[in-house]
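Here are my notes for your first read of this model. Keep the sequence and the 3D view open side by side.

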Amino acid sequence: MTENNSSLNPNSLAFIALANEYCHALENIFDYDDRQAFIAEMLRLLPRLYMSASDIKNTDNTDSFIDSYLDENDYDTVRGNVSRMMADEDIYLEVFMDDMKYSDTPIGTSVSENLADIYQPLYNFVATVKDATDDTIAEAIIAIKADFDTYWGQTLCNVLRALHSIYYTR
């Protein structure tokens, strides 16, 4: 980021810091002593990310977008590492999927895929704002908020529910 952040509000700065912290946690997953420690960190970060993203003001600018910096191999590495950490606790039943309305059978999803699906836009966001001008950062914040509203916010809520269950009932 540029040294002069005066035009960025505190909510934007907090979100940038949280997005970076989340990405760092997934990139360094094996620094955690065990699965419980990793889940505890996710239970600490995910609600804060949700609240911080929710506090970003909506704007009418729908032309903002974030370039993709994360390649498929890096995404798969993060997903695979989380899957290894979660082991037999990776898969859970999902009820907030559109297909569930028409299904008689449960639909499974994974903690690892959900966390990687949140990681992807946040990684791209952090890569965009790093060393960027305030105007570029403001545009990236508009884009990440729109993506939160339509996609990764629901994913965050879903995986948070699963992680809560694993952490507090096992």
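**Notes on the fold, point by point**

1. Start with Ala87, which is partly exposed, with a relative accessible area of 45%. On this scale, buried means under 20% relative accessible area, exposed means over 50%, and partly exposed is in between (1.4 Å probe, protein chains only). Ala87 sits in the loop between H3 and strand E1 (91-94). Its phi is near 50°, a positive value in a residue other than glycine.

2. A word on the source. This is a predicted model, where local features need pLDDT of at least 70, side-chain atom pairs count only at pLDDT 80 or more, and totals for chains, interfaces and linings use all residues. Residues are numbered from 1 along each chain as its sequence is written, and side-chain values use heavy atoms, with hydrogens and water left out.

3. Now the whole chain. It has five helices and two strands. Helices (H or I, at least four residues) and strands (E, at least two) are DSSP runs, numbered from the N terminus. The order from the N terminus is α-α-α-β-β-α-α. Of the 170 residues, 43% count as buried.

4. Look at the contacts and the surface. Contact means heavy atoms within 4.5 Å. Among contacts between residues at least 6 apart in sequence, 79% join residues at least 24 apart. The chain exposes about 9,500 Å², and carbon and sulfur atoms supply 49% of that area. Accessible areas come from the Shrake-Rupley method with a 1.4 Å probe; for residues, only the protein chains shown count as cover.

5. Helix H1 covers residues 10-27, which makes 18 residues. From first C-alpha to last, H1 reaches 26 Å, close to the 26 Å expected at 1.5 Å a residue. The expected span is 1.5 Å times one less than the number of residues. At the start of H1, a side-chain oxygen of Asn9 comes to within 3.0 Å of the backbone nitrogen of Asn11.

6. Which residues of H1 are buried? They are Ser12, Phe15, Ile16, Leu18, Ala19, Tyr22, Cys23, Ala25 and Leu26. Their cover includes helix H2 (35-54), helix H3 (72-86), helix H4 (111-129) and helix H5 (134-169).

7. Helix H3 has 15 residues and reaches 21 Å, close to the 21 Å expected. Asp71 caps its N-terminal end, with a side-chain oxygen 3.1 Å from the backbone nitrogen of Asn73. Buried in H3 are Tyr75, Val78, Gly80, Asn81, Val82, Met85 and Met86. What covers them includes H1, H2, H4 and H5.

8. Ile137 is in helix H5. Ile137 is buried, with a relative accessible area of 0%. Ile137 and Ser12 are 125 residues apart in sequence, yet 8.9 Å apart in space, C-alpha to C-alpha. Thr155 is also in helix H5. Thr155 is buried, at 9% relative accessible area. Not counting residues up to four places away in sequence, Thr155 touches Asn114, Asp117 and Ile118.

9. Finish at Asp131. Is Asp131 buried or exposed? Asp131 is exposed, with a relative accessible area of 60%. Asp131 lies in the loop between H4 and H5. The phi of Asp131 is near 60°, a positive value in a residue other than glycine.

Terms used: A polar contact is a pair of N or O atoms within 3.5 Å; within protein, one must be able to donate a hydrogen and the other to accept it, and residues adjacent in sequence count only if both atoms are side-chain atoms.
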